Each structure stands twice: as C-alpha cells, then as structure tokens.
Amino acid sequence: MATKWKHFSKVTCVRQLPNNKPKLHIVLQRDNRTEQKEHQQTCALMETLISSTTLQLRNPQTSLFPKTSHFNSPAFSRVQFSSKPCFGVLNRCNKNCFKVFAASQSAPAEVSTSSSSIPSTMKAWIYSEYGGVEVLKFDESVAVPEISDDQVLVKVVAAALNPVDFKRRLGKFKATDSPLPTVPGYDVAGVVVKVGSQVKNLKEGDEVYGDISEKALDGPKQFGSLAEYTAVEEKLLALKPKNIDFAQAASLPLAIETANEGLERAGFSAGKSILVLGGAGGVGSLVIQLAKHVFGASKIAATSSTGKLELLKSLGADLAIDYTKENFEDLPEKFDVVYDTVGQGDKAVKAVKEGGSVVVLTGAVEPPGFRFVVTSTGEALTKLNPFLESGKVKPVIDPKGPFPFSQVTEAFSYLETNRATGKVVIHPIP
Ligand SMILES: NC(=O)c1ccc[n+]([C@@H]2O[C@H](COP(=O)([O-])OP(=O)(O)OC[C@H]3O[C@@H](n4cnc5c(N)ncnc54)[C@H](OP(=O)(O)O)[C@@H]3O)[C@@H](O)[C@H]2O)c1
C-alpha cells in the first residue's frame, strides 16, 4: 500500500461546542501523489495509522500539549481517545481528507505537560531602561527562568497589568527595584509545569493564580508575568477557582489582595459602613464586593464618573456618588472606613466618622489615614476562593480587553489613561 499521509495530524481549528466545551477539529490529509484509493483500502489504512499513532492535542486554553492522548480503538465512524474524558468521531469528508472531531468533556483533565517539553527560551516583554511605553520591547529569546527549591515554574496563560507596573517602568521605585533588564508583570494565571524540591502542595498540571512578587516595590521579580513562563514561590499562589477562566483569574491577585489587606488593616467588620473612592477601578471594584460579601458591610458608598455609576451599584454599592457633580467630603453622612484608591487623602479624612479609619493606597496621607503596600500571599486568595466559586465576588475585566500578548504596549497606554474599568488583562499568551 503506497499511500502516504502528508500531514498526519493537524489541528486546523478549535471551536466551542454549545455546551461550552472545547472542540478540536483535526484534519488528516492524504498525500496528493496517491489519488483514488479504494474506499476499503483507505479505511483500513486510516485505522492502522491512527491506532499506531499518538496524537498531540493542544489544549486551546493553555496552549499546552497533554502528555498522552491517542486514539486506541479506531473505528471508522467513532474513535475513542485513551484518556477518559475525551471522545471523538472520525468522518471522511472527501477523497483526500479525513476529519476527526474530538470533544473534551473535561478541559482541565486534558491539561498536563512534562518538564522535558519546557523550552530554554521564551517570548516575553522586556525593558532595559526606564521610560514610557516605548521602552517595552517584544523579545522572542528571553531565557526561561530557573526555579529555586520553593518555587514552581508557571506556563503563563493570562496576565494582568497594575498601575505599579507602569510606575515601576517609569523609574519611580528605582531605589528598591530589581535590576534591569526586566520582564514586567505581577499578576499571573497559568499551569504549573515544574516544581522545586521543597514544594509541598502544588504539582505539575495544577491551574494556579497569584501575584508573583511578595513585595510590590521592594525587589519585585526581575522576570515577571508578561512572558510565556514565570518562576513563582509556591506560597504566593493559590489554585484557580474552577468556575472562572484564566483571564478572569489573572485579573484578581494584586487587586483583590490589596482590597482584602486594606479592609483587614482598617479593622473593617460586619455592620460597618464604608466609602470607596475610585469604586470602578481595579482595586475599588473589589473593595466594594469584598466589603459587602466577605466583611458584611452595613452600607457601601463609592465614587466614580457618571458613566460608571451603574457598575458601582451592580457591584454592591448602596450609594453611587458622581464625582463630577458632587463632592463626597461635603456630604453630611460620614463613614466608619474610607478606602481611598485615587489619591485624595486630604478629602478622604473629612468623610470618616470620629474614630474611623482611612485607607490610602496612593498620594499624601493625613491622620487618621494610613498607607500600606500590599504583601502578596496565596493564603488570602485561598481564603477568598469560596466567594469567587459561589459567584458572589466577580472578576471585573475592562471591556476593551483582554488584550492579546502582541498588544501589551496598547494595554499599558490604556491603563495609563487612569480610566480603566476593573482590570486590564493580557490574554492569550502564546
Ligand atoms: N499601596 C498598594 O499596595 C497599592 C496596591 C494596588 C494599587 N495601588 C495604587 O492604587 C491606585 C489605584 O489602583 P487601581 O489598580 O485600582 O487603578 P485603576 O484600575 O487604573 O484605576 C482606574 C479607575 O480610577 C477611577 N478614577 C480616576 N480618578 C478618579 C476620581 N477622581 N474619583 C473616583 N474615581 C476615579 C477611574 O474611574 P473614572 O473613569 O470614573 O474616573 C477608573 O475606573 C493606583 O495609584 C495604584 O498604584 C496601591
């Protein structure tokens, strides 16, 4: 039998099934030199070829190849994958071409990789000098970071930007920054592909998310999350809630940890009232939700411009204040806690009750206000996971995104307008 198969297996498209499960469409193409084989011969050949071959199916979400997925009981009309959650149907579509339709019933079960498939270099965004977005360069041959004993290597599926990324790039934290050149990015969601010898709880194939730099300003990671791979301490990561996708997960870590830490430091608790300045931003949108669903606020007020007032209400604000029309500091009502994400510390202290707390994330601080810099910890994410899994707390992704990896400079420029709604996310990352 002389028939040759030019492209033995080739994924030509990835589609979503109506039930939201990924669908792989594979074309097995016969070499043009061998025309018009008998139908029976072709069927027999197909069966032989498929049964003796391992098909590498690339997971559409993670871009990873599973370790073992092959057709092991080929029938012309129905083909079974060896890994349990998959099934496929093989159809002949014309005389030279066969299609295999395969649907994974459980996408995460398909995600696995081996450390042997980790390349030595990767694509990443990098800068070698401080400055505007123009210093950001796309580099296809950045060394994949080595992991230490307490770290895991994460194949990055999605990342998110934070104002600290551009403030750092502008050189505002030179004194305590890591050396240049640096790959920016704190927030990551991805898949563990390698674990260090002291790693206890995570394993290859785990889907994780986190803020990869324990201290945002004090020696942040030199090789951040805007890359195909990043090395992260196990303690900074948590398992990704199964009900949210990688882009949503990447939108959370630094912002939700900041929201949570600020509320804890302010001693916020059930029955207290809060005013959130900048309620539509990355941090503010989560402060509103955590105050309501995690801490049990009695009343939530928040500020934004006119077009975002409805969003504030949908997140849980009882009172949405349009800062273009009203001065919150002139309102007669005062609050137990004022959480300032904007840099209005002088006005914030006028809106707090006697004995209350004022959390200030940026700008000048006046008593009784206090400022802090977030500490990344996977524990906080693990504590908050049930609220994400129940859908009470929802990731808020700016509708202009997610931005593909090729558009990181556009994403930065947008974030730097200070008008983003929720989080600016980068996805997919190849
Ligand atoms: N200390 C820390 O640990 C820490 C941690 C995280 C963030 N931060 C800092 O906190 C700040 C906020 O971070 P972020 O990620 O939330 O930023 P962000 O998402 O970029 O904030 C953008 C939002 O700010 C709102 N905004 C701008 N001016 C406003 C005003 N005068 N009143 C009310 N809302 C206003 C905008 O809404 P409109 O379009 O409606 O104006 C927009 O939705 C940044 O300076 C960041 O560096 C500090």
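Around the ligand lie 29 residues, of which Pro163, Gly281, Gly282, Ser305 and Thr362 come nearest; a residue is near a molecule if its C-beta atom, placed from the backbone, lies within 6 Å of it. The elements giving two or more residues to this shell are helix H2 (163-169), helix H4 (253-265), helix H5 (282-293) and strand E14 (299-304), with the largest share, 3 residues, coming from H5. Helices (H or I, at least four residues) and strands (E, at least two) are DSSP runs, numbered from the N terminus. The model is predicted: local features need pLDDT of at least 70 and side-chain atom pairs count only at pLDDT 80 or more, while totals for chains, interfaces and linings use all residues. Residues are numbered from 1 along each chain as its sequence is written.

The shell lies between domain 2 (115-252) and domain 3 (256-371), because both give residues to it; the domain bounds come from an automatic or database domain assignment.

An open sheet of 6 strands, paired in parallel, has the order E15-E14-E13-E16-E17-E18, where pairing requires that DSSP finds at least two bridges between two strands. Strand E15 (319-322) and strand E18 (369-371) are the edge strands, each pairing on one side only. From one strand to the next the twist averages 20°. Strand E13 (residues 273-277) runs parallel to E14 and is joined to it by 4 bridges; valine 276 stands opposite alanine 302 in E14. Helix H5 packs on the sheet, touching E13, E14 and strand E16 (335-340), and its direction makes about 170° with that of E14. Contact requires C-beta atoms, placed from the backbone, within 7 Å; axes are lines fitted to C-alpha atoms, for helices over the stretch in contact, and angles run from 0 to 180 degrees between N-to-C directions.

Conventions: Two residues are in contact if their C-beta atoms, placed from the backbone, lie within 7 Å.
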